Amino acid sequence: MSSNQPDLSPYAGRWVALYNTQVTGVGESPEAAQQMARHSRPKERFTLRFVDDPSGEPLLLSPLLAQLRPLLQTQSQPVYLVGGAVRDALLGRVSHDLDFVVPANAIKLAFQVADALGVPAYVLDRERDTGRVMLPEVNTSLDFARFRGPDLATDLRDRDLTINAMALPATAETTSGLIDLYGGKADLAEGIVRIIHTRSLLDDPVRSLRAVRLAHSLGFRLAPETETAVRAAASHLHQISAERIRDELVKLLETAVPHRAVADLATLGLLAEILPDMMALSTVEQSAPHHEPVFAHTLTVLRWLIMVEEIIEPQGSQRNERKTSESSVHSAVKEILEPYAPQIQAMWQEEVDGGVNGRTLLRLGALFHDVGKAQTQTIEADGRIRFLGHEKAGADLAGRILRRLTFSNEVIGHVKKIVAGHMRPLHLANSGGKLSRRAVFRFFRATGASGVNIALLSLADHLATYSGTGPNAQWQALLRVVSGLCHHYFERHEETVAPPPLVDGRTLMEALQLEPGPEVGRLLRLIQEAQAAGEVDTAVAAIEFARNCHD
């Protein structure tokens, strides 16, 4: 032990107040340690430090905390890690978003931390003394806030759920310093999502969505009093900004079981408040081969989609839950998708404007794929129910819903394409499943970068419709279509999906003596389609082809 570093091991599990390197106060809380120190040195400034007890349970914490420990140990006020990071540490998970609270000067501390890490800091809310440090290269944010009230106990009571209302001294490495005033650790052990008090959700109604999302992301259950509070808060969601509802909806769809999470939103009265057009699908009946109303079908599509996703990006826990009856389906889908798994994974990881990745775009498309059926339903004389044009109607409606929720134009564009195109692979399969090069080109011309996601969705849609593979000929045809579309997109992209131009507009105008106008664009499109179909492969052939089309 260096002479400059006092031996604090006798005070393990307690707080000490240090004057230089001398222990001048000890207590179970920083306030008690400071009060003791002031008896002997009433005018001095002290450093408050929690002394970790090595006998406590070790915690899996972000490596950043170890990096920050020297700075945090020199503060004259206590610094606490709170919320989800503490919850995750107790669950053996590393959290990438760290929330800290302090009695005062939170923004000042945020800038001190940013300087220590060599990154910028931002003022989030000057009135509430809240700052943020962003480390995008490690996908981590550090938030620093002043207590929500006069002390830590008040701050924790103002939070939503017991499992989110625990705190740790920011320098602690074990559970010896855990502050758990509301039984959060016990609820973690029992797998329960429990509110702190009766107004926990009403004080901020978006917490009702968060409670459902956390239950499904953690595999927990809502306590009865939490269910009651969620139902009570549902009618107050109109008070919440669209941006916050959007963020919770995205996180909920990103759970491992989005079908169950959305079902709970419906059961608890939340879906009718945030997505009334989806809730309206609950009573929209469908004819065979469908066997469920539209909303129930949508949930089943999401369930099958998880299986499709798991083939592309395996998740061990989901693999163990697969039903025996689904094994043959899994094998067939795996055979056609596994060769393209790395490319699809890379596509899913790409984010569009607004921070939404390709996988979430697929799930949003699945959620809204049949949203147009309520307004297009017709019943024929023989009782057959039809939904002519539901793809276009659904795409338009999905666009309006997503715009209301303030999604970016890029997200809206992708989801609209998925909804508008979700029947295309099924139509190709109904035509026998043999893909011509021209059919491939036309498919991707209409669907663009969303085409592969549409192909994946079609598998889930078919499986949900038939509660399995259904007629073998139809299922095999769809497998061929999806396999072919993926093959062309990933292995023959420049040949059949987006061939490089053989001629440009100026060359074409000179060769055919054309004036600028829409005819030039029409001919260029025809050339590209003929090129994708293998009918032309040189500039000379392209010009001759265009001449024949123009004449």
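**Exercise 1. The surroundings of L337**

Task: In this predicted model, determine which residues L337 touches, leaving out residues up to four places away in sequence.

Solution. 
Step 1. Search around L337 for heavy atoms within 4.5 Å, the limit for a contact.
Step 2. The search for L337 returns V308, I311, I312, L456, L459, V482 and C486.
Step 3. As background, nonpolar side chains tend to be buried together in soluble globular proteins.

**Exercise 2. The packing of α23 and α24**

Task: Describe how helix α23 (residues 451–466) and helix α24 (residues 472–491) pack.

Solution. 
Step 1. Two packed helices are described by the angle between their axes and the distance between the axes.
Step 2. For α23 and α24, the angle is about 170° and the axes are 9 Å apart.
Step 3. Angles over 145 degrees count as roughly antiparallel, and α23 and α24 are therefore roughly antiparallel to each other.
Step 4. The crossing of α23 and α24 is left-handed.
Step 5. On the α23 side, the contact is made by V452, A455, S458, L459, H462, L463 and Y466. On the α24 side, the residues are Q474, W475, L478, L479, V482, L485, C486, Y489 and F490.
Step 6. Sorted by type, the residues of this contact comprise 13 nonpolar, 3 polar and no charged.

**Exercise 3. Backbone exceptions**

Task: State where N20, N105 and P289 are located, and describe the backbone feature of each.

Solution. 
Step 1. Recall that most residues other than glycine have a negative phi, and most peptide bonds are trans.
Step 2. N20 lies in the loop between β1 (15–19) and β2 (22–27). The phi of N20 is positive, near 60°. Exposed means over 50% relative accessible area; N20 has 63% relative accessibility and so counts as exposed.
Step 3. N105 belongs to the loop between β5 (97–102) and α4 (106–117), and has a positive phi of about 55°. Because its relative accessibility is 47%, N105 counts as partly exposed.
Step 4. P289 is in the loop between α12 (276–279) and α13. The peptide bond from A288 to P289 is cis, with omega near 10°.

Terms used
Residues are numbered from 1 along each chain as its sequence is written. This is a predicted model: local features need pLDDT of at least 70, side-chain atom pairs count only at pLDDT 80 or more; totals for chains, interfaces and linings use all residues. Side-chain values use heavy atoms; hydrogens and water are left out. Axes are lines fitted to C-alpha atoms, for helices over the stretch in contact, and angles run from 0 to 180 degrees between N-to-C directions. Helices (H or I, at least four residues) and strands (E, at least two) are DSSP runs, numbered from the N terminus. Angles under 35 degrees count as roughly parallel, over 145 as roughly antiparallel, 65 to 115 as roughly perpendicular and the rest as oblique. A crossing is left-handed if the near helix is turned anticlockwise from the far one by less than a right angle, and right-handed if clockwise. Ala, Val, Leu, Ile, Met, Phe, Trp, Tyr, Cys and Pro count as nonpolar, Asp, Glu, Lys and Arg as charged, and the others, Gly among them, as polar. Buried means under 20% relative accessible area, exposed over 50%, partly exposed in between (1.4 Å probe, protein chains only).
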